[in-house]
Amino acid sequence: MKTVTLWIDGKKIYADEGMTILETARKNGAHIPTLCYHPRLEPLGHCRICLVEVEGIAKPITACDNPVREGMVVQTGTPLINEMRREILSMTLSTHPYQDCLTCEKAGACELQEKAYCLKAALPEQLERAIPEPSGDPNPYIVRDESKCILCGRCIQVCRTGAGRFVYSLEGKGVNTRVVPARDGVETSLSEAGCIFCGQCVDICPVGALTEKGRAAGGREWELRSAAGVCLECSLGCTLERRAAGGALVKVTVPREGDQAAWLCRRGKFGVNPVSEGRITTPLIRDGGTLREAGYAEALQKTADALLKLKDKYGGSALAVLGDGRCGNEESYLLQKLARAVLHTNHCDLGTEPAWAQAVEAASGTAGPGAYGPTMAELQQADAVLVVGSGLAESNPVAQMALQHAGRFGRAAVVRVGAADDTGTAWESLHLKAGPAGEAAVLQAMTAALRHEPLDKAAGAAGVDPAALSRAARSMAGFNTYTVVCPSFWQAADAAAVEALLELAREAGQLKRGRCNLLLLSASGNARGIIENGGTPWLLPGMNRLDDPAARQSAEALFGASLPAAPGLDRRAVLEAAANGKVKGLFAAGTVDVGEALHGLEFFAVLCGDPDAVPLQADVVFPAPAAHEKAAAFTDAAGRVRCNTQAVTNTALKPEWEVITALAAAAGAAWHLDDLAAVRREMQCLNPGCCCCQRQAL
Amino acid sequence: MAKVLFSSWSGNLIDERGKIPGEQLDLDKLNLPGRVDGAELKAFVGWSGLVIADPQVDVVEILKTYFQKVQQESCGRCIPCRVGSKAIADRLEKITAGKGNRADLSAMGWLGRVMKDSSLCELGQSAPLPLLTALEHFPDSFNAYLNGEQPVSGGSFSYRSILTAPCQNGCPAHVNIPGYIRCIKEGCYEDSLGIIREKTPLVGVLGRVCVHPCESNCRRQPVDEAISIRVLKRFVADFAVHNETPAAPGPALPADAPKIAVIGAGPAGLNAAYQLARKGYRVTIYEALPVAGGMLAVGIPSYRLPRDILNAEIELVKAQGVEIKLNTRIGTDLTLDQLRQDGFKAICIATGLHLSSSMGVEGEEAGYQGFIPGVEYLRSVNLNRPIELGKKMAVIGGGNVAMDCARSSLRMGVKEVYLVYRRSRKEMPANEAEIIAAAEEGVKFVLLANPTRILAENGRVMGMECVRMELGEPDSSGRRRPVPVKGSEFILDVDMIVPAIGQVADFSFLPPDSGVEINKRGTIEADPDTMATAAPDLFAGGDAVLGARTVIEAIATGNKAAEAIDAYLREGAASAGDRAVMERFTEKMGVYNPDEVPEMVGGRERQEEECLPVGERLHGFIETELGFKGPLEALREAERCACCVRLGLAVF
C-alpha cells in the first residue's frame, strides 16, 4: 500500500493511497459534516454537505467520494464552504417537515436534526411538492413516511448491496422525486416489490422516513439503552444491538461495530417477540390433568426425584436430555454435565444435525483451534465461493446477502451445487444442478476436476455438463476461495457425502492446519456452541470424543463422577426409543416437539425461554428468560464466540444456569457454581475459550 | 443569416447589442444552426452560457422556461440541483408574474452559485451558468419586471430542449451513456442493459467491436483517462448472458400491422427492423447470405466477436417479431416490385459493401490461385468455406479489414503474414488496439510500400512486386500523400495475396427505374436525417449509404430509417423525430469542448479489460479480449464517470 502525503487544514497527514478525503480527515480528527455518507456503504455523493476546498481546483469537491492524492491541500471549513453547507442544509429543510420533530420517532437520533443544530441552519419555508400522503404500506414491520425522506439514497443502496434486493427506486423528477418500492418500474407495496423485510433500510435511514412499526411510542431515542446481543434464529449467530426502554425491548438494530458486511434478516431484526401478556412467570407442576403454579424448590425437587427414580429403576440409558438448538454455551455445558454426571446418560442432544456435527468435528480436527470460518466480509471479498445446497435465502438469509454481494458487486464467481433457487436477483455465475446421484456426486466430480482427472468421466457420473464442471473447477483453483454449505445439504447427507465435501475442501486448499475456509451452516441457533460444549451424544466439551478414554477421564475428574462410556442416541433416536418405551424420562431445554414419544415417557420436564412456545404437555415446566433478558455466550457458525447481554432485566425468572445447577443439587450433586462466572471458569477447563470473556469476536 | 446579439458561449463574451446588424457576428460562427425545421433560432440557453440572436427575446422568460426544464430533468439525487433549480424556477416565476423584488435577484445569484459549485453532476453544475450571465449582463430585463414595466416583448416563443452529454453526442446513435453508466454504478445492470437496448439490440456486439467515438468525447481525458465506455457496455451484456436474464418480449403485433421489408441483415438492417417491430410493424428481413449479421457474421472474425454473442442478439431482434429470410437475394430470388406487390409498404435497403476495391495492379484480374480479395477471404473464413491456404501471405491495406485478414490468417495456420501499407504506421486507419494486437501476434508490417505487380507461375501466386513509398504533401483527408520512390522496387516472397484496401457495393439488384440515386462515391444517396432515397417508399442505411464505416454508424442510420419510415407511414412524409432534430442540432454545435479543463480530481486509474496472453491466442478463434474481470472492476470504472449531463434549450 502506497502512502501519500497531504495537508488537511494545514496539518501534514499521511494516508494510504485509495482512502477518501473524508476517511482520512476523520481518522486525523478533522471534522467534515455528512448526511448521506454511511461507513457501511459505498459513498453516494448525494447530499453534498461534505464539500471541502482543494487547492488548484476552483470548485469545492465532496470529501466522501474523492480519493486523497499526493500533495493535496485540503481546507475542510472555510467560511465559504460553511456558508454553502448551510445553504444546502437549508434547501433540504425546505423539503422536510421539520415541524414534525416534536412527534417524530427519530427525534434525538435524526441525522438531519443533528446537522441542522451543528450548522445552525436557517429554517426555510416549505417548497411546494407533489408528495402523496402516506398510504400505509400493508406490512407488519416497516412504516414509510415519504414526507420526511431527504433522498439520501442510503435505503436504495443498502437494499441492493446489503440485502441483494432491488425494492426501492427513484420515481419522478426534481423536488417531486420520491423513493418508492417498485416492481418492473411500477410503484407498488414493499412486499410486492420483493422486500424481505430485513429492515436494513430502517436501520440506515438518517431521518424518520423509515421506522419500525413495532416501536411506535415505545420510547424516545434518548431513553433507549443498548445491549449487545446475538441472534439465535439460525446458526450464523449475527450480532445485534438491542434497544430497550422502560423494561421493554423497543427495537433491534445492526450493531455499529463488528463485521461491517454482516447485516440482519427479518427474523433477526423483527423476529424478537415482545414478551406476551400471559407469560408464565413461575414453575408449573402437573397436578392431575392440569398444570399448577409452584415454587422453584418444589418443582426442582419433584423433577430431581422423578428422574432419579427412573434412573434407579431402568438405568441412566432410560433418561435423555434434549434441546432445541438454541441453548447458550453455559447451558449446553451444564445440561450435558447434568445428563452425563448426574443422570448417567449420554443421550444428550441439544439440537444439531448429525451430519453437520460430523462435518464440523472433522473440519475442526483438521484446521485446529483458532482457525475460524469466513466472516461475511471475507465472503464478500472472495474470488470464488462454492455454495452447496439450496434454500439459503430462507435458512440463513444474511449469508445469502453476503454471497449475493460477492457475485453481483464483488469479484467472486459464485458456483452453486444444488436445486434451483429463485431469489429473483441474479448473482450466481454458475449453477451446477445436481443429478439423481445427488450433490455429493457433484462434489466428487469437482474434486476430480481439481485433480485434473478426465472431465467427461467425472461429469458423467455426477450428471453435469463437463464444460460447466471445468469452469467451476477453474474458479475454485484460486487461493481466496470459500465453501458455504446450506442446512439443506445435511438432511440427506450420509458419512460419504460429508467426506466428499471435506475432500473437495482439502483439494481446493480451503481446509488444512490453521485454515478453514468453510462455512458449515446449520438451521439451529447455537449449533456450534452446543457441539463445542458437549451437547452432542458422542462428544464431550471441547469436542473431545467420548470414546477417547483420556478425554473421558479428565471430564470425570472435573465432574467428580464416572461417565457412561457408550455414545448416546441423537434426538431422533431418543424420540424413537421413547416411543418404543426404552427412554422413560426426558429433560428438554426449549421447545422440543416430542410428538408420539410423549406416550412412552413416564416423566417429562421442560426448561423453556421462549414465552410463547412452552410445551404444555410437560409434567414440570421451568420458565426461563427470553434471549434479550439473559446473559450468555453463543458461538457462531464460523466458530467465534459472541456475547449476549441483558437488554431487559427480569428478576422474577431464574436464569437457566441457575435452574440446571439447582436441579443437580436437588439430585444430590453439589457443583459449587454460585454464579455465571464460576460456570465459565469450570467450562474453560475442558474447552478453553468457550466464553465471551476469553474469545471475543474478531 | 441570423446574427449574434449576445453570447457567453464557452466563456467567450460577445456583446454586439450596440452594433448595427451588418457588423454583428453570424450565428454560424458559433456553430449554431440558424434554422431548425423551418423555424428561426432566436436564442439558445444551455450548459455553457447564453446566446441571444433576436432582440425581441425576453431573457427572464426564457430562463424561467430553462429552469423549469432543469427541474423536470433533475434526477433528484443531489440536493443543490433538486431543490436549487426549483427555488430558482420559483423565483423567476415570481419575477415574471410581477411579484419579484431585489432580494430575489441576490438570492438567485447565491442559489445559482451554490448549485453550480456543489451539484453532483453536470446538469446542476452547468445549468446556473446562463442565469449568472443574465444577472450580470441583462440587469435591465430583470429590473423592468421589478419596476412593474412590461417585458421587452410580448411575443410568444416556442422551445425545443435536449438533455445530452459530450459522450452521448459523440455517439452516432446517441446512446444514453451517462444513464447506463449510472445504472451500473448503482448496481442495476439489467436496467443499464435496458437503456442501451432502447437504441440497439447489439449490446454485446458493440461492447466488443465498437470503435467508441464516445470515449474521445469523454471530459475525463484531460484529467486522467477517458471512461472505458465500451467495456462497461460489454459488462452489462455479458452479465445478462452469465445470469441467463430473460429478454423482454416484443409487443404483440396485430394481424393487420403494416408490413415492411428490410434488405440485408447487417447492423443497419437489424436495427431498422428491431426499432420498426417495437413500433408495431411486421418486418421481414431478406438476407442473401446463409447467415444473419452481415459483416458482423462474415466480416469480423469470431476471435473478436464470438458467434454465440452475435446470434443471441439476432435472436433478440427475432423475439420482437422480426422474420429473417436467409439465402434470399433480392434481385435474383425476388424483386423490389414483387415486395411491393406482396404488400410491403416501405423497404429499407441495407445491403452493405460486400465487394473488394481493386488495387489496379497488374495480374489482379488474372484469377491466380492464391489471390483472394479481403472481403471474400473473410467471408470464406467465417462461413468455414474451404480455402487453399499458402505458407506466406501478403495482406494489403492498413484498415480494420486488413487487420482482420492478417490476424485470422495467423489463426488459420499461415506461417508468415505480411501487412503491406503504403503510408506509415501513424496513418493507418485501423484501431490502435487492432494494430497493436496484430503486431503482438506476429504480423510483419511492411510500411511505406505499395504493390505494383503480382508474380505468378502456372496460374499460382509466386510473389508480389512492391515499390517503396515516401510521404509527400497532405491530401484532402489531411494525411500525407504517399509517393512512389523511383527504382525502389522489391519482391515480397509470398504465395498468397489478400488485398484489403477498400470495399464497394453491389447495386445490381436495383432496377434502372428504381428511383434510387447512386452517388459518385458508389453509394446510395439518402437524406442524412431520414435516410430517405429519391424513391418515396425506399429508405437506405448502413455502409450502402455511408461507404465503409463503423457498426455504430450503421446502427444510427438503421434507427433513423426506422423513425422516418414510421413517420412516412403515419403521416405520409419521411421526417426525423423531435429528439432526432435536436440531436442534429447538438451534433452541429458540438457538446464536447476539448479545450475545457474540468474541475475534477484525477488519479483514478482506468480499469482495463482482461486479454488472453499472446501465447494462448493463436490456437483457433478463441476470443482474445475478455471484458472486465468482474463486477467490481465495472463498478470502479463506472464510479469514474462524472455524469456530464447537459441541458440545452433552443428558443424559436
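Asn533(A) stands opposite Pro541(A) in strand β26 of chain A, and two bridges join β25(A) to β26(A) (residues 539-541), running antiparallel. Strands here are DSSP runs of E with at least two residues, helices are runs of H or I with at least four, and both are numbered from the N terminus. Two strands pair if DSSP finds at least two bridges between them. These strands belong to an open sheet of three, in the order β25-β26-β27 of chain A, with antiparallel pairing. The edges are β25 (533-536) and β27 (544-545) of chain A, each with a single partner strand, so one side of each is left without a neighbour in the sheet.

A word on what you're looking at: this is a predicted model, where local features need pLDDT of at least 70, side-chain atom pairs count only at pLDDT 80 or more, and totals for chains, interfaces and linings use all residues. Residues are numbered from 1 along each chain as its sequence is written, while chains are lettered from A and ligands numbered from 1 in the order in which they are written. pLDDT is the predictor's confidence in each residue, from 0 to 100. Chain A has a mean pLDDT of 92, and 97% of its residues reach 70 or more. Over residues 693-698 of chain A, though, the pLDDT is below 50; beyond near neighbours in sequence, that stretch has 13 contacts in the model. A contact means that the C-beta atoms of two residues, placed from the backbone, lie within 7 Å.

Staying in chain A, take a look at Val202(A), in helix α5 (residues 200-204). Val202(A) counts as buried, with 25 C-beta neighbours inside 10 Å. The cut-offs: buried is 20 or more other C-beta atoms within 10 Å of a residue's own, exposed is 12 or fewer, and partly exposed is in between, with C-beta atoms placed from the backbone. Leaving out residues up to four places away in sequence, Val202(A) touches Ile142(A), Leu210(A), Thr211(A) and Glu212(A). Val202(A) also sits 7.6 Å from Cys155(A), C-alpha to C-alpha, though 47 residues separate the two in sequence.

Now over to chain B and strand β13 (residues 392-396). Four of its five residues are buried, so β13(B) is largely enclosed by the rest of the structure. On the one hand, five bridges join β13(B) to β14(B) (residues 416-421), running parallel, with Val395(B) opposite Leu419(B). On the other, β13(B) runs parallel to β20(B) (residues 496-499) over four bridges, and there Met393(B) has Met496(B) as its bridge partner. Getting from β13(B) to β14(B) involves helix α17 (residues 400-412), and the three make a right-handed β-α-β unit. Right-handed means that, with the strands pointing away from the viewer, the path from the first strand over the helix to the second runs clockwise.

Beyond its neighbours within four places in sequence, its contacts include Ala402(B), Cys405(B), Ala406(B), Leu419(B) and Val498(B). Val395(B) is also, with Val385(A) and Cys348(B), among the residues with the most contacts inside the largest nonpolar core, which has 429 residues. Helix α20 (residues 551-571) of chain B gives the most to this core, with ten residues. A nonpolar core is a set of buried Ala, Val, Leu, Ile, Met, Phe, Trp, Tyr and Cys residues joined through C-beta atoms within 7 Å.

Next comes helix α18 (residues 432-441) of chain B, whose buried residues are Glu434(B), Ile435(B), Ala437(B) and Ala438(B). Seen down the axis of α18(B), they fall within an arc of 165°, so they line one face of the helix; the arc is that of the directions from the helix axis to the C-beta atoms. The face turned away from that buried side carries the exposed Glu432(B), Ala433(B) and Ile436(B). Covering the buried residues of α18(B) are, among others, α17 and β14 of chain B. After α18(B) comes Gly442(B), with a positive phi near 110°.

Last, the hairpins of chain B. Strands β16 (residues 449-457) and β17 (residues 460-474) run antiparallel over eight bridges, with two residues between them, and Asn458(B) in the turn has a positive phi of about 50°. β17(B) also joins β18(B) (residues 480-484) through four antiparallel bridges, Leu471(B) standing opposite Pro482(B). That hairpin has five residues between its strands, and Gly478(B) takes a positive phi near 90°.
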